[in-house]
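Come along and follow what I looked up.

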Amino acid sequence: MSLDEVARYLAKPKSWVYGNWRSQGIPFKKVGNALRCRLTDLNEWIDRQTP
């Protein structure tokens, strides 16, 4: 998933996702100059978040 897709999936602004992906531990990997995330990794990350 791209940064835009992750932002839509999380219902967060793209700027929030980009600004917080490291501190929040969103499971992005750099592919060239782009951030990419697997849906399964993102869902596991969501499951680990506390309400």
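**Helix 1 and its partners**

I started with the crossing, and found that helix 1 passes helix 3 in a right-handed crossing (right-handed if the near helix is turned clockwise from the far one by less than a right angle, left-handed if anticlockwise). Helices here are DSSP runs of H or I with at least four residues, strands are runs of E with at least two, and both are numbered from the N terminus. I note that this is a predicted model, where local features need pLDDT of at least 70 and side-chain atom pairs count only at pLDDT 80 or more, while totals for chains, interfaces and linings use all residues. Residues are numbered from 1 along each chain as its sequence is written, and side-chain values use heavy atoms, with hydrogens and water left out.

Next I looked up the geometry: the axes of helix 1 (residues 3-10) and helix 3 (residues 39-48) come within 12 Å and cross at roughly 40°. Axes are lines fitted to C-alpha atoms, for helices over the stretch in contact, and angles run from 0 to 180 degrees between N-to-C directions. Val-6, Tyr-9 and Leu-10 of helix 1 make the contact with Leu-39, Leu-42, Asn-43, Trp-45 and Ile-46 of helix 3 (contact means heavy atoms within 4.5 Å).

How do helix 1 and helix 2 pack, and at what angle? I found about 105° between helix 1 and helix 2 (residues 14-24), with their axes 9 Å apart. That makes helix 1 roughly perpendicular to helix 2 (angles of 65 to 115 degrees count as such). Here Leu-3, Asp-4, Val-6, Ala-7 and Leu-10 in helix 1 meet Lys-14, Val-17 and Tyr-18 in helix 2.

**The buried face**

I then listed the buried residues of helix 1: Leu-3, Val-6, Ala-7 and Leu-10. Buried means under 20% relative accessible area, exposed over 50%, and partly exposed in between, with a 1.4 Å probe and protein chains only. Seen down the axis, these buried residues of helix 1 fall within an arc of 100°, so they line one face of the helix; the arc is that of the directions from the helix axis to the C-beta atoms. They pack against helix 2, strand 2 (34-36) and helix 3.

Is Ser-2 buried or exposed? Ser-2 lies before helix 1 and counts as buried, at 19% relative accessibility. Ser-15, in helix 2, is exposed, with a relative accessible area of 60%.

How values were computed: Angles under 35 degrees count as roughly parallel, over 145 as roughly antiparallel, 65 to 115 as roughly perpendicular and the rest as oblique.
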